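Please read this briefing with the sequence and the three-dimensional structure side by side, and look up each part as it is named.

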Amino acid sequence: MTPEEFRAAAHQHADWIAQFFQDIRDFPVAALTEPGELVAALPRTAPEEGQPINEIFADFQSTIVPSLTLWNHPRFFAYFSVSSTPPSVLAEFLAAAINVNAMLWKSSPGATELEQVTLSWLRQWLALDESWFGIIYDTASIGVMQAIGAAREWMDPECRTQGMRPGLTVYVSEHTHSSAEKAAITLGFGQENVRRIAVDDQFRMRPEKLQEAIEGDLTAGKRPCCIVASVGSTSAGAIEPIPAIADIADRYGIWLHVDAAYGGPAAVVPEMRYIFEGVERAHSMVLNPHKWLYVSIDCSVLYTRYPDIFRRASSLASEVLRTPEDGGVVNYMDYGVQLGRRFRALKLWYVFRYYGHQGIIAMLREALRLAQVLKQLVERDADFELAAPVELSLVCFRHRGENALNQRLLAEINASGKAFLSHTVLNGKFVLRFAIGNYQTTEQDVCETWGLISETAQRLKASEPVLAAGG
Ligand code: PLP
């Protein structure tokens, strides 16, 4: 592609993106396609000869986009609502053009140093002190795996050379994200050495049950290694009692990892800082800018007070990767399994600078406010009930009828293309999850979606009175 062709195509693509941001509400949120539809629509083999970019771009619009569920849609309320904001998109565009690899300081000094700078800015917004070292991973799932790997290195340093000894145990709650257990499986702890601690009526880990489990394991000759506690759990947005859990971690000398993948960004808002109480005592903590900090997927940040342990657990440099600066600079490849690393700090820098600290606080605050608006709508409707406290931007609720009615309700909302929600099960009941966090979501989006939910429920109630009666 010549520079002139590239310039013309880039303008065309930029125009499409700008229009997409503007008209996004005209697109169905969820893909209204059947399994296999896209595969059937595309050629079975790649083209032998190159094709014009205009043709590819036209097919992107006509064939690919309709097959996508649009996570950047302001009425995408499923899982966790995310935002790829315009400054983040611009940074991704530049990062792809520059295509640097942030594996070593030497491999692209500015990429490493921008990571240090942006993570220091974010650390200050979170009121964590300077002893916290930050690193960007792709996802929180990798972050928790690295953290549990560091905990193992801490507890069992011979593991690196001798392999893992049996009996190391990991503690999660019944509601901890599955990535923690998956990490324990991947690292060779064994699923039977993961304890799922019971939660209280607000879906938070019960410290006394944690202590009981640890005592039981010690009696059985096991070696308690790592606790994973959540600030903003996936199912219910629960904020676990970190100070009490940190007391237990201290008492027994166990690594404490805080999963704030979703909830962490809220701690940037001054009146929400309380959710981080006790986090300063953790050994590591992860939060995802790609969830609720207006940065496109992927970008997850891990902070730790023990970077040397992460390095001990993960560093291994072949001759090719040695540089004269080793020892005097940060080589991020030393803190994880990944060698090649995308230049993710650029999008953090763009987003943090474009919106500024106050702009980010205002956007987070608005999402928190909209969650309270929705909470009140649910409370005012006699047919519905809240299923969990609303402390962050996630509202869990259900129709008072049977689970089957709630399942039908969710399916109909999602099939409408007008909004997209997801579900969970709390206390055996099927619950709808409405997560707010996209930068374009307005009160009108929330209220109209609630209108759609309650009208659909009325219709289902009329056609299925037995299911609606429920209990
Ligand atoms: N932790 C929590 C609380 C989550 O909600 C999620 C995903 O939703 C994860 C971890 C995993 O995040 P990632 O997709 O970045 O691996």
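**A bent helix**

Helix α13 bends by about 90° at Gly 356, where the bend at a residue is the angle between axes fitted to the seven residues ending there and the seven starting there. Helices (H or I, at least four residues) and strands (E, at least two) are DSSP runs, numbered from the N terminus. This is a predicted model, in which local features need pLDDT of at least 70 and side-chain atom pairs count only at pLDDT 80 or more, while totals for chains, interfaces and linings use all residues. Residues are numbered from 1 along each chain as its sequence is written.

- A straight helix of 36 residues would span 52 Å at 1.5 Å a residue, whereas α13 spans only 44 Å between its end C-alpha atoms; the expected span is taken as 1.5 Å times one less than the number of residues.

- Strands β9 (residues 394-399) and β11 (residues 429-435) run antiparallel and are joined by 4 bridges, and Val 395 stands opposite Phe 434 in β11.
- Strands β10 and β11 run antiparallel and are joined by 5 bridges, with Leu 432 in β11 as the bridge partner of His 423.
- The hairpin of β10 and β11 has 2 residues between the strands, and in this hairpin Asn 427 takes a positive phi near 50°.

**The sheet of 7 strands**

- An open sheet of 7 strands has mixed pairing and the order β1-β7-β6-β5-β4-β2-β3.
- The strands β1 (133-137) and β3 (194-197) stand at the edges, each with a single partner strand, so one side of each is left without a neighbour in the sheet.
- Strand β2 (residues 168-173) and β3 pair in the parallel sense over 4 bridges, and the bridge partner of Val 170 in β3 is Val 194.
- Helix α8 (residues 178-187) packs on this sheet, touching β2, β3, β4 (223-230) and β5 (255-259), and its direction makes about 170° with that of β2.

**Backbone details in loops**

- Most residues other than glycine have a negative phi, and most peptide bonds are trans.
- Tyr 79 has a positive phi of about 45° although it is not a glycine, and Tyr 79 lies in the loop between α3 (53-64) and α4 (86-98).
- The peptide bond from Ile 297 to Asp 298 is cis, with omega near 10°, and Asp 298 lies in the loop between α11 (289-292) and β7 (300-304).

Notes. Two strands pair if DSSP finds at least two bridges between them. Two residues are in contact if their C-beta atoms, placed from the backbone, lie within 7 Å. Axes are lines fitted to C-alpha atoms, for helices over the stretch in contact, and angles run from 0 to 180 degrees between N-to-C directions.
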